[in-house]
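Me: I would like to learn how to read a few features of a protein model. Can we take them one at a time?

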Amino acid sequence: MTRTTRPTAEAILAAMPELASHARDAVILHPERAEPDHWSSSIGGPLLWPSDEPWPECSLPDVNDDAGSPATAMVPVAQIFRRDVPGSWWPAGIDLLQILWCPNEHWDPPAPQADVSPVLEVRWRRAAAVLSPTTTPPPSPTRFDEDGYLPQACAITAERVTDFPFREELPAELRPRLEELVRETGDGGDVITRLAGWKLGGWPTWHLTHPMVFACDECGTAMTLMFTVASDDETGVVVGRWGDLRIFTCPADHRHGFQVDLH
Ligand SMILES: [Zn+2]
Ligand SMILES: [Zn+2]
């Protein structure tokens, strides 16, 4: 399925072969309102959660409560099964990715969270290890201030794409040619390095700030983009000023911490 209006990767590479060594696989996750179950990949849907594992809560100060009390239950943001979006971003032995967040605005939360943002939690699992999934609905958040942080339940359709880096992540000698190619392609926007939507893998865009490299806290490796949360009407999610929230992870070891960036 192709819904992104963009030349094919082959056409882009034919126009600029030097991009080949900078190409990355990605999957755009197209959301559609639905009633997904625990065993489905979803945005804002129920999670396959072990009944003996506590549901994540947030007790960080937020704009509603300086003390962050009482703790607020997090809400599901995305659940992705490997079978639906196979690719290089899956650590060995892992076949389920779950992302949750606290649906409050936190001005200045501690690292690795982004400022003025929900507070995230990421779980990597082996679905077969969830022997007794919980059947009770998760607790509702006790307070929240932004409807845009409460994703509507959606099924997802995966579209595989080849993603290319924002010009400033390329060697300097390649940037003018990429800029020219972007200008010549599409309808005035950048359809080559700024793919819209929820995305697994690929490259981050840096059209609003200078590119940043996040170094893994635990081993110093440069982190790579793992997941992009987009603002869109279908999920009702709004992050930043109709922006993207990105989760970077350590390519050396998925158990090393993540880093959140709001753009
Ligand atoms: Zn919170
Ligand atoms: Zn690391």
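**The zinc site**

Reply: Start with the spacing of the metal ligands: along the chain, the donors of the zinc ion (ligand 2) follow C-x2-C-x30-C-x5-H. Keep in mind that this is a predicted model.

Me: Which residues are the protein donors of the zinc ion (ligand 2)?

Reply: A donor here is an N, O or S atom within 2.8 Å of the metal. Cys216, Cys219 and Cys250 each contribute SG and His256 contributes ND1, at 2.1 to 2.3 Å from the zinc ion (ligand 2).

Me: Which parts of the chain does the pair Cys219 and His256 link?

Reply: Cys219 sits in the loop between β9 (198-201) and β10 (224-230), while His256 sits in the loop between β11 (244-249) and β12 (259-262). The two are 37 residues apart, so the pair links distant parts of the chain.

Me: What makes the arrangement around the zinc ion (ligand 2) tetrahedral?

Reply: Four donors count as tetrahedral if all angles lie between 85 and 135 degrees. The four donor atoms around the zinc ion (ligand 2) subtend angles of 104 to 113 degrees, and therefore the arrangement is tetrahedral.

Me: Is His256 buried or exposed?

Reply: Buried means under 20% relative accessible area, exposed over 50%, and partly exposed in between. His256 has a relative accessible area of 17%, so His256 is buried. Cys219 has a relative accessibility of 37% and therefore counts as partly exposed.

Me: Now a helix. Which residues of α2 are buried?

Reply: In helix α2, which spans residues 175-184, Leu178, Leu181 and Val182 are buried. Viewed down the axis of α2, the buried residues fall within an arc of 100 degrees, so they line one face of the helix. The face turned away from that buried side carries exposed residues, namely Pro176, Arg183 and Glu184.

Me: What covers the buried residues of α2?

Reply: The cover includes α1 (9-15). As for what comes after the helix, α2 is followed by Gly186, which has a positive phi, near 80 degrees.

Me: Last, a strand. How many residues of β5 are buried?

Reply: Seven of the seven residues of strand β5 (residues 75-81) are buried, so by the under 20% cut-off the strand is mostly covered.

Me: Which strands pair with β5, and in what sense?

Reply: Strand β2 (residues 42-43) pairs with β5 in the antiparallel sense over two bridges. In that pairing, Ile43 has Ala78 of β5 as its bridge partner. Strand β6 (residues 96-106) also pairs with β5 in the antiparallel sense, over six bridges. There, the bridge partner of Ile80 is Leu97 in β6.

Key:
Residues numbered from 1 in each chain as written. Chains lettered and ligands numbered in written order. Predicted model: local features only at pLDDT ≥ 70, side-chain atom pairs only at ≥ 80, totals over all residues. Heavy atoms only, no water. Buried < 20%, exposed > 50% of the residue type's maximum accessible area, 1.4 Å probe, protein only. Helix = DSSP H or I, 4+ residues; strand = E, 2+ residues; numbered from the N terminus. Arc of directions from axis to C-beta. Contact = heavy atoms within 4.5 Å. Donors = N, O, S within 2.8 Å, 3.2 Å for Na, K, Ca; no water. Tetrahedral: all angles 85-135°; square planar, octahedral: opposite > 155°, others 65-115°. Pairing = 2+ DSSP bridges.
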